[in-house]
Structure formats: C-alpha cells, structure tokens
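Reader: Walk me through this one, please, a question at a time. I'd like to start with the loops and end with the helix packing.

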Amino acid sequence: MDAPRRLAPEASVPLVVDLDDALLRSNLLYESVLALLKRAPLLLFLLPWWRSGGRARLLYEIAQRVELDTSTMPLNLPLLDHLRAQRTAGRRLVMVSTSHRKYADQIATQLGLFDEVIASETTSGGEKLAALRARFPRGFDYAGSGERNVASLSPPEPSFGRERATVGDYLRALRVHQWLKNLLVLVPLITALQFTDTAALANLVIAFVAFSLCASSVYVLNDLVDLGDDRQHPRKCERPFACGALSIAQGFGLVGVLLAASIAVALLLPWAFLAVLAGYYALTLAYSFGLKRAEILDILALALLYTIRIVAGGAAAGITLSFWLLAFSMFLFLSLALAKRCAELSVMRERGQERAPGRAYRVHDLPLLHALGAGAGYIAVLVLALYLTSGAVQRAYTVPGLLWVFCPMLLYWITRTWLMTHRGEMHDDPVVFAARDRGSQVLAVLGAAVIWFAV
C-alpha cells in the first residue's frame, strides 16, 4: 500500500507503534549518549568514528558500554492506555525502534503488550516506514514519532502526540528560583559600603545577569546528565527533562543558547570577571561529571561554587576582597552544602533506601554529616566575631559595636537551619529554604537595618 492506513478496528491489521518520541517520551539514542557522557566523557570523541561505520555500528558500540534503566523512563500514558485497550480487543501490536534492540527489548518485556519488536537500527525516518511497508505488505496502522504521525489515528480516537512545552516547563528547567544565589555578587559592594557607587552597582547588575544565564546553562546540562538518577528521586522525577515535558534535544539547544548569551553579557565587564565565570563553569562541569559522586570533594565543590559568586562580584566591581569575607563565606557555604546532602539522605531514609542515587554517601552517614555541618556553621560565626574586632571594622562604621548583633542572629539561623535538617524538613536546596522561610526573611530585614544604623 502507498501509506499507512488509519486505525481500523480489524484485529487482522497490526498496529505498529514507534518507541522513540512516541510511546516513550524520550529518545533512546539520546538517552544512551547521555549515559555514555556520564560514565566516560572522553568516549564522546569516538562517536564520529563509530558513526562513520554506519548507524548500526554507532548503536552497537554505545550499547556495549551503557546500561539504561528503562523502567523509570517517561511513557506516553494516553497512548499506553490505548494500546492496552487494543491488546484486550485482540489487536496485534508491533513495536518499532531505530535504537538498539537491547533497549527496545527491555521496554517491550516490561510492558508485556507487544507481539513483535522490530529494531531497525540501520534505518530512520522515511526509510523506516518503507521497511515497515515491506514487512507488512497487506497494510498496517501506524502511531509514530512526531505529532502528525501519532495524530493520524482517526476520530473519535484521541491524539497521542507530545504536549507542547509551556513557558513554565522552560522556567523550571532554567531553575529561575535558583538565581537568588547569584545575588551573592552584590556582597562585595555591601561589605565595602560602596552603596553610592553607581558604576560598580551597574556592573554588578550585569554580572548577576551573566551569572544567572551561565548557571541555568549548567542546571540544564546537569539535569540531562542526571536523568536516570532524577527519575528515582521522589521530587526530582518531576523535573522537565526527567518527566519528558522537555526533550533531550531541546535541552542541548538550551545549554548552547544560555552559555552563548552569558558570554555575550560577560564581555561588557572587565576580563577578570570573565575569567572567574570561566572558572565557575569549569568547576561545575567537573562537579557534574565526577565530583558530585565523590564524598567530601562534592561538598567542598558546592561550597566553592557559592564563594566564587562573591569573587565574581569583586572582579566585576573592581573591589578587593578581604581574607575575613572569603573565610566566612567558605565555612558558611560548607555548612549549607552539608545541609543539602543531609536533606537528600533524609528523603532516602524515609523511603527505606540506603543511599541517594548518584551520591557516595549512605544513610548511616547522617549523624556525622550533621555534626560536620553544624560545626562549619558555628566556625563561620566565630570568623565573623573575629572580624568584628578588626581595625577595618572600627574605621568603616560609625557605630561598630552594633554589628555584634549579627553574631546571635547568625547563631540562631544556623542552629534553626540544622534543626530543620535534623527533622527532615529542609528543602533540597537550603538557599530555596531560606528564601521561603519567614524566620530567615525577618532576619534578613533586621540585618539590613543593623548595617544601616551602624554606618
């Protein structure tokens, strides 16, 4: 026949279902490449060589090195329900995929719906349809990748195409709420008391934009690399790429566009800022592809990523950072990084699991991590107290003694943060917790008032 037939009720006409981007709200080739990227990033340089030997060789080489957890991959649930109904009615169901048979067979076994699996690893697109016509010369109905093909199911059958991504999906992928962290670029201006320096303030606003775009590029890349781990997490499984709201191809596009936009904005600032931004990006890549799975090193990297934002603010505004500020920041952010890990492990403990997916810590490490985190927070308070006794403070503030109020305020906040963490009430990200927490908001307003009156 010339074209796939519309869905007919006759059981003699098989229904051929495309796996990639149709039944599966993802693409197994992209999934396997991402898994390879996470397992052995340097092997990506071999992809062009493997591809030169044909599509079948590319898929074979990847499949020999990568195992996929297909049980957690997002499925097109309306189409799946329709297939179950067709199966109950006696319809012959055939799965077709241009991915490696190894992965297609795994999904077919899990679903238990299909009479046959055709893994046409050497073909794609129109070639695949041509091969299907040759395989089923008496005709077949087809639900394939792309909304036009899936929507070819005739009324009153529903359309099973991928829903269009919403603005909210993109905003969640960019983690716009995480941009609060980038306000740390303003810290050098605040500690230097240069509130009236409009040129420095303008540079810091630009730095905030550049850092936010760069950070979002990293967040998207991190979500792509962590697809398998996120799908096993009770909350992270709802992230746009993990649940299939956004495709992997869209994710790679976002990574490139956001990074290019960040560099373009950063070029408006001194070269020192661009160097710090490059260092931040390099460290985040190291974190995404290895450090996050190394105990202790992952926490130190997270603390350093927070501190780098302050360093970037100093570079953008031309302000020299003091030893006191850097020491205080490192200990405070080390405490927050430990709180983040403890929050993840608390979730795993509630679910009866031994460890968080993709992390090196175990649930029974919680008591030690709690002690380390609280200790780091209290050391930050000590550094603050020592700073308040320095001559620089006495010269910079009109009423320096008023700043001692910060010590009990910070002690209260650190202790409360770790109490919430111990109770399992801490958000996955302590910065998000602080932004939403009423007590933290009140302390921030009081802190601003103290600085104002001390000046």
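**Loops, aspartates and helix pairs**

Reader: What is the relative accessible area of aspartate 21?

Author: Buried means under 20% relative accessible area and exposed over 50%, with partly exposed in between (1.4 Å probe, protein chains only). Aspartate 21 falls in the partly exposed class because its relative accessible area is 31%.

Reader: Before going on, what kind of model is this, and how many helices and strands does the chain have?

Author: It's a predicted model, where local features need pLDDT of at least 70 and side-chain atom pairs count only at pLDDT 80 or more, while totals for chains, interfaces and linings use all residues. Residues are numbered from 1 along each chain as its sequence is written, and side-chain values use heavy atoms, with hydrogens and water left out. Helices (H or I, at least four residues) and strands (E, at least two) are DSSP runs numbered from the N terminus. On that basis, the chain has 21 helices and four strands.

Reader: What share of the residues is buried?

Author: The C-alpha trace spans about 90 × 45 × 40 Å along its principal axes. Out of 455 residues in the chain, the buried share is 51%.

Reader: Back to aspartate 21: where does it sit, and what is its phi?

Author: Look in the loop between β1 (15-18) and α1 (28-39). Aspartate 21 isn't a glycine, yet its phi is positive, at about 60°.

Reader: What about isoleucine 296: what are its phi and its relative accessible area?

Author: Isoleucine 296 sits in the loop between α14 (271-289) and α15 (297-317). Again this is not a glycine, and the phi is positive at about 75°. Isoleucine 296 counts as partly exposed, since its relative accessible area is 45%.

Reader: Is aspartate 230 buried or exposed, and which side chain does its own side chain join in a polar contact?

Author: Aspartate 230 belongs to helix α11 (residues 227-230), and it's buried because its relative accessibility is 4%. Contact means heavy atoms within 4.5 Å, and beyond four places in sequence aspartate 230 contacts Asp223, Lys236, Cys237, Arg239 and Ala242. A polar contact is a pair of N or O atoms within 3.5 Å; within protein, one must be able to donate a hydrogen and the other to accept it, and residues adjacent in sequence count only if both atoms are side-chain atoms. At 3.4 Å, the polar partner is arginine 239.

Reader: How far is the C-alpha atom of aspartate 169 from that of proline 240?

Author: Aspartate 169, in helix α8 (residues 167-174), is buried because its relative accessibility is 12%. Not counting residues up to four places away, aspartate 169 touches Pro240, Ala245 and Leu246. Although aspartate 169 and proline 240 are 71 residues apart along the chain, their C-alpha atoms are separated by 5.9 Å.

Reader: How are α16 and α17 oriented to each other?

Author: Axes are lines fitted to C-alpha atoms, for helices over the stretch in contact, and angles run from 0 to 180 degrees between N-to-C directions. For α16 (residues 323-350) and α17 (residues 366-388), the axes come within 8 Å and cross at roughly 160°. Angles under 35 degrees count as roughly parallel, over 145 as roughly antiparallel, 65 to 115 as roughly perpendicular and the rest as oblique. So α16 and α17 are roughly antiparallel.
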